[in-house]
Amino acid sequence: MRDMGTIRNIVILTGAGISAESGIDTFRAEGGLWEQHRIEDVATPEAFERDPDLVLRFYDMRRESIQTKEPNAAHLALARLDREWAGELLIVTQNVDDLHERAGAQRVLHMHGEHLNAWCTDCDARSRWTGPLKQRPACPGCGARALRPDVVWFGEMPYGMDKIYSALRTADLFVSIGTSGAVYPAAGFVRDARELGAATLELNLERSQGSGWFDESRLGQASELVPAWVDELLAPR
Ligand code: BJW
């Protein structure tokens, strides 16, 4: 691993594993099915077209549930890093919950969208949305009944790709936390970062699919690994 003293620019990728200890289910754990549907079968534009009620019910349930959850020690440690790190920092999260923000982090990019936003496919406006969508409420902007969850489904382009690749180009360190490495383009960031010269570190319960691309893998619970790593990084030297 690169000498910590030479690190200035950091990109952190987070996935469902960082929110697992807050009580939010991951996608690919054993039993990670929702009413017998795999996420790959519900989170697609085709599924929404085929059975919008089913898909909206799935998201209404999860939107309601995340509002009862609290950030854990891993979110809080990243928020501390965000406050105290003088160099560039970008927390790219695949998560659609708001636990990074509720922990106090500001430099956060939601590449797969956000549960608490609705997107009007008629006027293209995004609105903050905390209630259900299944009853087809009207868009606050244009009145059309064309709101969908503002999340990125399979086959759709993730958000913020230019900003992410630009941060990866100047990153000295890329850290991946709580993601299985099963979903692209996020799963390819480690390889990109490494080819662009960054050191790479994985903090996960188990080895991810791209584990071989990391310089170092630390295995365990995010609530323990992340605060320990942040302490290391912020320790005076
Ligand atoms: C802990 C822990 C604890 C547990 N502590 N750790 C064939 C090959 C390659 C690619 C493709 C392909 N066919 C299709 C594609 C592309 C496709 C894709 O990747 N498909 C795969 C299935 C192969 N990707 C797309 O379609 C994406 N768009 C795209 O590619 O556009 C074109 C493009 C081209 C070029 C550049 C850019 C773009 C869009 C992907 C959208 C994903 N959407 C979802 C749903 C979001 C809304 C919602 O939440 O419902 O995003 S799917 C779901 O998976 C969600 C997650 O963000 C994402 C990743 O899951 P994550 O976070 O990794 O969770 P898990 O459950 O998989 O893993 C959790 C990990 O945590 C595990 O490792 C645990 O061990 C660990 N863990 N507890 C620490 N306490």
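Start where the two domains meet: select 14 residues of domain 1 and the ten residues of domain 2 that they contact. Contact here means heavy atoms within 4.5 Å. This is a predicted model, in which local features need pLDDT of at least 70 and side-chain atom pairs count only at pLDDT 80 or more, while totals for chains, interfaces and linings use all residues. Residues are numbered from 1 along each chain as its sequence is written, and side-chain values use heavy atoms, with hydrogens and water left out.

**The two domains**

Color domain 1 as 1-24 + 71-112 + 158-237. The domain centres, taken over C-alpha atoms, lie 26 Å apart.

Now look at the area between them. About 920 Å² is buried between domain 1 and domain 2, and carbon and sulfur atoms give 57% of it. Buried area is the accessible area (1.4 Å probe) that two parts lose on being put together, summed over both. Select Ala16, Ile24 and Tyr159 on the domain 1 side: these residues lose the most area to domain 2, together 45% of what that side buries.

How many salt bridges link domain 1 and domain 2? The count is zero. A salt bridge is a side-chain nitrogen of Lys or Arg within 4 Å of a carboxyl oxygen of Asp or Glu. Polar contacts do cross the interface: three residue pairs, both residues at pLDDT 80 or more. A polar contact is a pair of N or O atoms within 3.5 Å; within protein, one must be able to donate a hydrogen and the other to accept it, and residues adjacent in sequence count only if both atoms are side-chain atoms. The domain 1 side that touches domain 2 has seven nonpolar, four polar and three charged residues.

**Salt bridges**

Next, search the whole structure: there are 16 salt bridges. Select Arg107 and Asp82. Their closest N and O atoms are 2.6 Å apart. Helices (H or I, at least four residues) and strands (E, at least two) are DSSP runs, numbered from the N terminus.

Is Asp82 buried or exposed? Asp82 is buried, at 8% relative accessibility. Arg107 is partly exposed, at 26%. Buried means under 20% relative accessible area, exposed over 50%, partly exposed in between (1.4 Å probe, protein chains only).

Move to Glu232 and Arg218, a salt bridge with closest N and O atoms 3.1 Å apart. Glu232 is in helix α9 (residues 222-234) and Arg218 in strand β9 (residues 216-219), so the pair ties together parts 14 residues apart in sequence. Glu232 is partly exposed, at 34%.

Then go to helix α8 (residues 189-195), where Glu195 and Arg191 are four residues apart, about one helical turn. Their side chains form a salt bridge at 3.4 Å, N to O. Glu195 is exposed at 58%, and Arg191 is partly exposed at 43%.

Now pick Glu70, Asp98 and Arg102, which are linked in a network of salt bridges.

**Last stop: His115**

Select His115 in strand β4 (residues 113-120). His115 is buried, at 3% relative accessibility. Show its neighbors: leaving out residues up to four places away in sequence, His115 touches Tyr59, Arg62, Arg63, Ile66, Val96, Trp129 and Val151.

Key
Domains from an automatic or database assignment. Nonpolar A, V, L, I, M, F, W, Y, C, P; charged D, E, K, R; others polar.
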